[in-house]
Amino acid sequence: MIEDEISISTLLKFNLEKAGYSVIAAMDGRKGLELALSEKPDLILLDLMLPIMDGMEVCKQLRMDKNFTPILMLTAKDEELDKILGLELGADDYLTKPFSPREVIARVRAILRRTKQAVSASNQLDQMEEPVINLGTMKIYPEKYEAIFNSEKLELTPKEFELLLFLARNQNRVLTRDQLLNAVWNYDYTGDSRIVDVHISHLREKIEEDSRQPKYIKTVRGLGYKFEAQK
C-alpha cells in the first residue's frame, strides 16, 4: 500500500490485516516503487497524489519494468481525466475517495481471487491437457494467462488478458460495455463505461496493425464491441 495520508493508511492497514492480508506500507512514491519491486506483492494499492513521486509515475515505472502486478489506484479526485490517465498508464482499477474500508477489501478480494485462480491453474499444467484458443496468428493460453501473437508473447496486464480472453471466447458476438463490465470487472460501474474503452484501446495497440482501423476488435456503434478472428 502506497498512501501518504496517515489516517487512511492506518485505517486501511488495520482493516486489511483484520481481513487476513499481510500489508507493507509506504508513505511516498519512491519508497513504494522500491518495495513493489523488491517485495513482489500480490497487489498494489496506489494513491494518486504522493510526495517525491506521484502515483501516475509509480504506475508508469512498474509497467515499463514489465511488472504487471495488479494495481488498484486510490484517488481523491473525482475527475474523469485522472481516472482515465491512471488506466492509460496500466492501472487495473480505481476507487475515488472517500471510500469505505469494506469497499476496498471487496475490490482487493475480487482481484486476488482471479489472480489466485490463474496461479492455481498454472500449477496444474503438468497434470492436465492445456486448453488453447487458436485464432489464426493468435494463440491464447487461459491456464497460463498468456497470449501469443505473430509468434511473440503479448505483454498484457491481468485485466487486459481477461478482457481479451472474454472477447475471444465470444468471438463474432456483439458485446455491450455493460456485459464486458459485468464479466471482466464484476463491479457496478453504472454510468462509467470508459474503463472498458480504455482497455480496448490498449489491446488494439498491441494486436492491431492500425488501431484506427482495427481488424480484430471491431466497434459496433451504439452497442459495444465484437471480436473477429483473422485466418
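This is a predicted model: local features need pLDDT of at least 70, side-chain atom pairs count only at pLDDT 80 or more; totals for chains, interfaces and linings use all residues.
Strands of a sheet pair through backbone hydrogen bonds, either parallel or antiparallel. In this model, an open sheet is built from 3 strands in the order β1-β2-β3, with parallel pairing. On average, neighbouring strands are turned by 25° against each other, direction ignored. Strand β2 (residues 71-75) runs parallel to β3 and is joined to β3 by 4 bridges. Residue T75 stands opposite T96 in β3. Helix α3 packs on this sheet, where α3 touches β1 and β2, and the direction of α3 makes about 165° with that of β2.

Two packed helices are described by the angle between their axes and the distance between the axes. For helix α2 (residues 29-39) and helix α3 (residues 55-64), the angle is about 25° and the axes lie 9 Å apart. Because angles under 35 degrees count as roughly parallel, α2 and α3 are roughly parallel to each other. Their crossing is right-handed. Residues G29, L33, A36 and L37 of α2 meet V58, Q61 and L62 of α3 in the contact, which comprises 5 nonpolar, 2 polar and no charged residues.

Helix α6 (residues 158-169) packs against helix α8 (residues 194-207) at an angle of about 85°, with axes 10 Å apart. Helix α6 is therefore roughly perpendicular to α8. The contact involves K159, E160, L163, L164 and L167 of α6, together with H199, I200, H202, L203 and K206 of α8. By class, 5 nonpolar, 2 polar and 3 charged residues form the contact of α6 with α8.

How values were computed. Residues are numbered from 1 along each chain as its sequence is written. Side-chain values use heavy atoms; hydrogens and water are left out. Axes are lines fitted to C-alpha atoms, for helices over the stretch in contact, and angles run from 0 to 180 degrees between N-to-C directions. Helices (H or I, at least four residues) and strands (E, at least two) are DSSP runs, numbered from the N terminus. Angles under 35 degrees count as roughly parallel, over 145 as roughly antiparallel, 65 to 115 as roughly perpendicular and the rest as oblique. Contact means heavy atoms within 4.5 Å. Ala, Val, Leu, Ile, Met, Phe, Trp, Tyr, Cys and Pro count as nonpolar, Asp, Glu, Lys and Arg as charged, and the others, Gly among them, as polar. A crossing is left-handed if the near helix is turned anticlockwise from the far one by less than a right angle, and right-handed if clockwise. Two strands pair if DSSP finds at least two bridges between them.
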